[in-house]
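Here's a quick briefing for anyone meeting this structure for the first time.

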Amino acid sequence: MKLYRPATILVGLVFVLLGGIIRLAGSDNVYHDTPNLAIVRGQIGQSLEFAGTGTMFKVTRIKFAQKIISAKASDDDKPIETNGVFVAVEWDAVRGVVKPDTFTPTLTTAGGSVYAEVSDPSNSGINFPDAGFARTGAIVFEANPADLKDLTLRLKPSLFFNVNSSEIRVDLGIPTEAIAQQMVDTAEEQYVVNDAVTRVAS
């Protein structure tokens, strides 16, 4: 009995340790339990840092439009139209030493809608320059005019393997349905999507 009892305890400890290792390696821990994911919140005009990178991101303004067209479009190209509304989010980014994790940009609302960026024109999007440089550009989303309250830009990392991952959330300044409707009613007829412009960071 004296030899058997310590062996039983040892075997029990091994199983407890194995269970902990399996739990840490499981997908729930990687994709849902993310204590290393910092949620960085801000508003239009506020510079926000991707954790541990020195890279700063800022939304400078938003515009609503009925149509969009690329600045590179020829005279024969027609603007892209929508039954909803286009939301152009203009941004400015200053690259730090470390490039931020790959992320998926979306717009979310209080009503639970999630809007993905449009695939055309191709010069719509968010991309970072080399370290020491800054870049300005615009990303366009197609949205439902009836669901725009609490419109928020989210830059959610695609993977959480980086110890210092962060998700940027920018409040786009639409706290009520009445304000949303006013912005839809005064939307520009057409928004021209320009190429992103790179400059030396100041």
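Glu167 counts as buried, at 2% relative accessibility (buried means under 20% relative accessible area, exposed over 50%, and partly exposed in between, with a 1.4 Å probe and protein chains only). Its partner Arg154 forms a salt bridge with Glu167, with the closest N and O atoms 2.6 Å apart. Keep in mind that this is a predicted model, where local features need pLDDT of at least 70, side-chain atom pairs count only at pLDDT 80 or more, and totals for chains, interfaces and linings use all residues. Residues are numbered from 1 along each chain as its sequence is written, and side-chain values use heavy atoms, with hydrogens and water left out.

**Salt bridges**

- Side chains of opposite charge can pair when their charged atoms come close.
- The structure holds 6 salt bridges (a side-chain nitrogen of Lys or Arg within 4 Å of a carboxyl oxygen of Asp or Glu).
- Glu167 also meets the side chain of Arg169 in a salt bridge, at 2.9 Å from N to O.
- Put together, Arg154, Glu167 and Arg169 are linked in a network of salt bridges.
- Arg154 is partly exposed, with a relative accessible area of 21%, and Arg169 counts as partly exposed at 22%.
- Another salt bridge joins the side chains of Arg199 and Asp92, at 2.9 Å from N to O.
- Arg199 sits in strand E11 (residues 197-200) and Asp92 in strand E4 (residues 80-94), so this pair ties together parts that are 107 residues apart in sequence.
- Asp92 is buried, with a relative accessible area of 12%, while Arg199 counts as partly exposed at 36%.

**The sheet**

- What order do the strands of the open sheet take? There are 5 of them, in the order E1-E9-E8-E5-E6, and the pairing is mixed.
- The edge strands are E1 (38-43) and E6 (114-116), each pairing on one side only.
- A word on terms: helices (H or I, at least four residues) and strands (E, at least two) are DSSP runs, numbered from the N terminus, and two strands pair if DSSP finds at least two bridges between them.
- E1 and E9 (residues 166-171) pair in the parallel sense over 6 bridges, and Arg41 stands opposite Arg169 in E9.
- E8 and E9 run antiparallel, joined by 4 bridges, with Thr152 opposite Asp171 in E9.
- E5 (residues 103-108) and E8 (residues 152-157) pair in the antiparallel sense over 6 bridges; the bridge partner of Thr108 in E8 is Thr152.

**Aromatic rings**

- A search of the whole structure finds 4 aromatic pairs (rings of Phe, Tyr and Trp, the last by its six-membered ring, pair if their centres lie within 6.5 Å; planes under 30 degrees apart count as stacked, over 60 as edge-to-face and the rest as tilted).
- One of them is Phe50 with Phe128, an edge-to-face pair at 5.6 Å centre to centre and 90 degrees between the planes.
- Phe50 lies in the loop between strand E2 (48-49) and strand E3 (56-70), and Phe128 in the loop between E6 and strand E7 (133-143), so the pair ties together parts that are 78 residues apart in sequence.
- Phe50 counts as buried at 3% relative accessibility, and so does Phe128 at 12%.
- The rings of Phe103 and Phe128 have centres 6.0 Å apart and planes at 75 degrees, so that pair is edge-to-face too.
- Ring pairs link Phe50, Phe103 and Phe128 into a cluster.
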